[in-house]
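Have a look at what's below, then try each question before reading on.

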Amino acid sequence: MTEKETINGVPVGEEQIAASAAEAEAGYDIAALKKRGRGRPGRGAEPSQVVALRLTRAEIAALDERAEREGKSRSEVIREALHLSTS
């Protein structure tokens with residue numbers, strides 16, 4: 001695990017890992033999990049597609065720096081850049 005590992009923007013620590021492991025060992029309520037649905041919530045009326053993108057280390061560093069500075073995910077920054085280029 002690296003220092004940048006996060007869940008919902010919150011750094012993941014050993015305490016959280018131990019709590020998650022204990023929860024898994026205790027078992028999950030399968031009915032409740034199925035009720036929530038699968039996957040990430042949709043972003044619009046039609047399904048989204050995953051697109052692979054190759055970036056250099058410098059480009060990734062710049063992307064991560066901007067995302068952190070603006071409190072956004074990498075995906076949000078990339079989507080905004082695409083939106084601005086088509087406006």
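Quick definition before we start: the expected span of a helix is 1.5 Å times one less than its number of residues. Helices (H or I, at least four residues) are DSSP runs, numbered from the N terminus. The model is predicted, so local features need pLDDT of at least 70, side-chain atom pairs count only at pLDDT 80 or more, and totals for chains, interfaces and linings use all residues. Residues are numbered from 1 along each chain as its sequence is written, and side-chain values use heavy atoms, with hydrogens and water left out.

Q: How far does α3 reach from its first C-alpha to its last?
A: α3 has 14 residues. At 1.5 Å a residue, its reach comes close to the expected value, and that reach is 20 Å.

Q: Within what arc do the buried residues of α3 fall?
A: Buried means under 20% relative accessible area (1.4 Å probe, protein chains only), exposed over 50%, and partly exposed in between. In α3, Leu63, Asp64 and Ala67 are buried. They line one face of the helix, because seen down its axis (using directions from the axis to the C-beta atoms) they fall within an arc of 95°.

Q: Which residue meets Asp64 in a salt bridge?
A: A salt bridge is a side-chain nitrogen of Lys or Arg within 4 Å of a carboxyl oxygen of Asp or Glu. Here the N to O distance is 2.5 Å. Asp64 lies in α3 and its partner in α4, so the pair ties together parts 10 residues apart in sequence. The partner is Arg74.

Key. Helices (H or I, at least four residues) and strands (E, at least two) are DSSP runs, numbered from the N terminus.
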